[in-house]
Amino acid sequence: MMEKFWRKDGDGVHQTITQGSQKLALFLNPETPTQLRPLTVVLHGPAGIGKTTLAKKVMLDWTRDSLAKTLSPAFYLSCKELNRKGTCTFAELISKNTPDAQEARPEARAPAQKLLFVVDGFDELRVPSGSLIHDICSDWNMRKPAPVLLGSLLKRQLSPQATLLVTTRPEALPELRRLLDQPLLVEVEGLSEPDRKASILKHFEDEGQALRALALMQSHPGLWRLGAAPAVCGLLCACLKLQLEHGEDPATTCRTATALLLHFLCGQFTPASGGRPCPAPLQAACLLAAGGMWARTSVFDAEDLAALGLTEAALRPFLDAEVLQKDVDSVGCYSFVHLSIQQFLTAVFYILEDDGEGARGRLGGDIRDARELLSKEERLKNPGLAHVARFLFGLANERMAGELETTFGCRVTTGVAQELLKSEPFWTMDLSEVMRCLHESQEELLVRDAMDHVTEVSLRVKTRMDLLHSSFCLRHCQNLQKILLQVEKGIFLESDTALESDTPVERSQQDHHALCLWTDLCSVFRSNKNLSFLDVGQSFLSHSSVRILCEQITHVTCHLQKVVIKNVSPADAYGDFCLAFVGKKTLTHLTLEGSVHSDKMLLLLCETLKHSQCNLQYLRLGPCSNIPQQWDDFSLALKINQSLKYLDLSASELLDAGVKLLCATLRHPKCFLQRLSLENCHLTGACCKELSSALIVNQSLTHLCLAKNNLGDSGVKLLCEGLSYSECQLQTLVLWCCNITRRGCKHISKLLQGDSSLTHLDLGFNPIATGLWFLCEALKKPNCNLKYLGLCGCSITSLYSRDLASTLTSNQRLETLDLGQNIFGKNGIIVLLEALKQNNSPLKTLRLKMDGSSVEMQMLLEEVKDSNPTLTIDCEDSRTTRSSYCDFFSSML
């Protein structure tokens, strides 16, 4: 009974499937104790990868166990067939291959745990999303629609103890997971790389042609990945073999999937000498493909053909060429040789010129407009539409459109893709999908027009395909200014042991191909004169890929101004980048951030700073643990350098000893730093004496951030002593989360009432509520110069609202007050808002935690707005860790 399920399609396929089934043997074996195996296994993978073949092989292994002492039945349910089956009982549903199933339940003949149900092609099931969850049946003899019975089986209402094996494409996994309880998910990867290689070589008698075909496929990551599906691998080989035998160069054909499928299709329909091609069969096949695509089916019966006005005779040329074939599982049904062929012909459907008689002239209500291919909502329901859209862009290529017209005698238009480019849905797609579509076209003018308005891209490189698509598109993006780049692990293999099963030669070839694509991508840094910002973060590079990137950066035509290198491996990459920046006169902003910084990196960075052509203005280093040990070199570099204005050492282990060294540099007359951040540098109040002294001497430093250091009230006192000197030019001081209390507020209040240059002060996340009165008294003084005061998260309550209200009505300089993350309560907020109704306050921005949805508050806010139209009140309170003025470096990037 089961023999008809197992077909040997080649030794390579059989071996791969055998290995895959052996991995499942522990779980899918009727003799394995139930508690040792999961009851539900899901095989998922793309179309044609071998899921169905593997599932049927498992069925044979299940039923052929000669050592089994009891019967172990297995039942096969094809979702393709269930779509065409009406109302029935579950016993009738499984009786197709087991005639006696209607007479007795399998439970009567075998233990429940000995039963295996294979549900094949869940993604083919045509039911509304979520519908299978609501209608549940537990009676084998109750008549229900076939999909409902299937859903009940998956929900374990019909045979709770049976083993379930389900196959599906990845896009249907979310829907399937809603029905299953703790399934074991097994990804079917198809032909392994060695088996893929062996399969390709077997298709060619000529060794030279075989090696040429293999090299072409390996050099194009998209085709190499498609070759994992046995059916597609054979299709690729047939196409390449035909070209090589005709003496043609297949390199162009291998660039895109569109080119390859077009060449395959045209190769099956080359008209005889003197014969005239007829467009009718192509129109019929495209109509069938498009109708099935929108109906979410790849299997067609006589009713489907009739609904589209088609007959088998109209499709006969495609049946004779075996592009369309009779389905092996569903009697009287047809399917395309592979899903990609159906998707390709659907794309052709949209470019056929509408003569009123052909496929477009019979456009049915279920076949949507081409713009719907880009709809996010439609793609969620029907992910295959994304592939159709890519093929549609591929057919925008004039050469390929011409080949289609010549072969089939049809007329096509290449303007559909241009129309899609102008539609809003196209640019709401993920950037990687946009680039995928544009790359498929291979039309440089089309890509240039599409990318002309793009000034910033964020690339997440997960596969070699991402490298291929992005490098092609970015070369034609002439107005690009900023690139954010993230490279995931496994792209570059020279230092990655993830593929231990591959031979060194295979690993070397893979890495060579990846590096070639990476070189193409990196070439944009020297070819695009407008590109000025590079951000590389959370990336797994290699020594070779870093070298390639650095070579492009050092080129004289590279005009990068701002570079961020953050959390990049290998660790030596930081030193390589520093070396690349030596003498780079366009570079003005540099961030080197990660967990590892070597002595070599700091030495090379010092060389960059000391170079006569260095124009670096902003430098961020962190976290960095060895700065104090290298301070002599770093200090010398700061003294020699005349351009650096902003230095950020946040999260570095500077400690008090390191601050002492830094202050010595700050006191040097040739130190021109203007902004300095020492946030979270493990400092204490003991270092504040040195800082205070440096602030008196240094005439250029205007911004200082000491946030997230345990300075305490004693440290604040020392700082205020230095800030009180008229020589001190400091304007901004950030002290959030520094353990400052009421006593510290006294020292700050005294400072603000003196002749201080301080205009921006951030005291957020300090427990200073009881010291707020001192600050309010200072703000009321006419000589207080504060324009910004940050009091976010300072435990201030309604008890202090009247002090603040009195301050707001009398202060004549404060423009921004941050009171977020404080709980004033309704009464406290009313007091503050009533004070703000007076139009003599200079306040422009108030951040306040409040519920602005109540009618009373809305009315009060409107009254404040009417009397003080220049005031903005921010009620959102979304920031939870730090107040708004802490990032005074943020504007630098």
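How many salt bridges does the structure hold? The structure, which is a predicted model, holds 27 salt bridges.

1. Five strands make up an open sheet, and their order is β2-β4-β6-β1-β7. The pairing between them is parallel. Strands β2 (74–78) and β7 (184–187) are at the edges, and each has a single partner strand, so one side of each is left without a neighbour in the sheet. On average, neighbouring strands of this sheet are turned by 15 degrees against each other, direction ignored.

2. Strand β4 (residues 116–120) and strand β6 (residues 163–168) run parallel and are joined by four bridges.

3. Helix α2 (residues 51–63) lies across β1 (40–44), β2, β4 and β6. Relative to β2, helix α2 runs at about 160 degrees.

4. A salt bridge inside a helix. Arg399 and Glu403 form a salt bridge, with 3.9 Å between the closest N and O atoms. Because the two residues are four apart in helix α20 (residues 398–408), about one helical turn separates Arg399 from Glu403. Arg399 is partly exposed, and its relative accessible area is 45%.

5. A salt bridge between distant parts of the chain. Arg667 and Glu690 form a salt bridge in which the closest N and O atoms are 3.3 Å apart. This pair links distant parts of the chain, the two residues being 23 residues apart. Arg667 is in the loop between α32 (655–666) and β17 (675–677), whereas Glu690 is in helix α33 (residues 688–697). Arg667 is partly exposed, with a relative accessible area of 28%. Glu690 is also partly exposed, at 24% relative accessible area.

6. Another pair. A salt bridge joins the side chains of Glu777 and Lys780, at 3.4 Å from N to O. Glu777 has a relative accessible area of 23%, which makes this residue partly exposed. Lys780 is partly exposed as well, with a value of 29%.

7. A network. Salt bridges can also be followed through a group of residues here: Arg368, Glu372, Glu378 and Lys381 are linked in a network of them.

Definitions and conventions
Residues are numbered from 1 along each chain as its sequence is written. This is a predicted model: local features need pLDDT of at least 70, side-chain atom pairs count only at pLDDT 80 or more; totals for chains, interfaces and linings use all residues. Side-chain values use heavy atoms; hydrogens and water are left out. Two strands pair if DSSP finds at least two bridges between them. Axes are lines fitted to C-alpha atoms, for helices over the stretch in contact, and angles run from 0 to 180 degrees between N-to-C directions. Contact means heavy atoms within 4.5 Å. A salt bridge is a side-chain nitrogen of Lys or Arg within 4 Å of a carboxyl oxygen of Asp or Glu. Buried means under 20% relative accessible area, exposed over 50%, partly exposed in between (1.4 Å probe, protein chains only).
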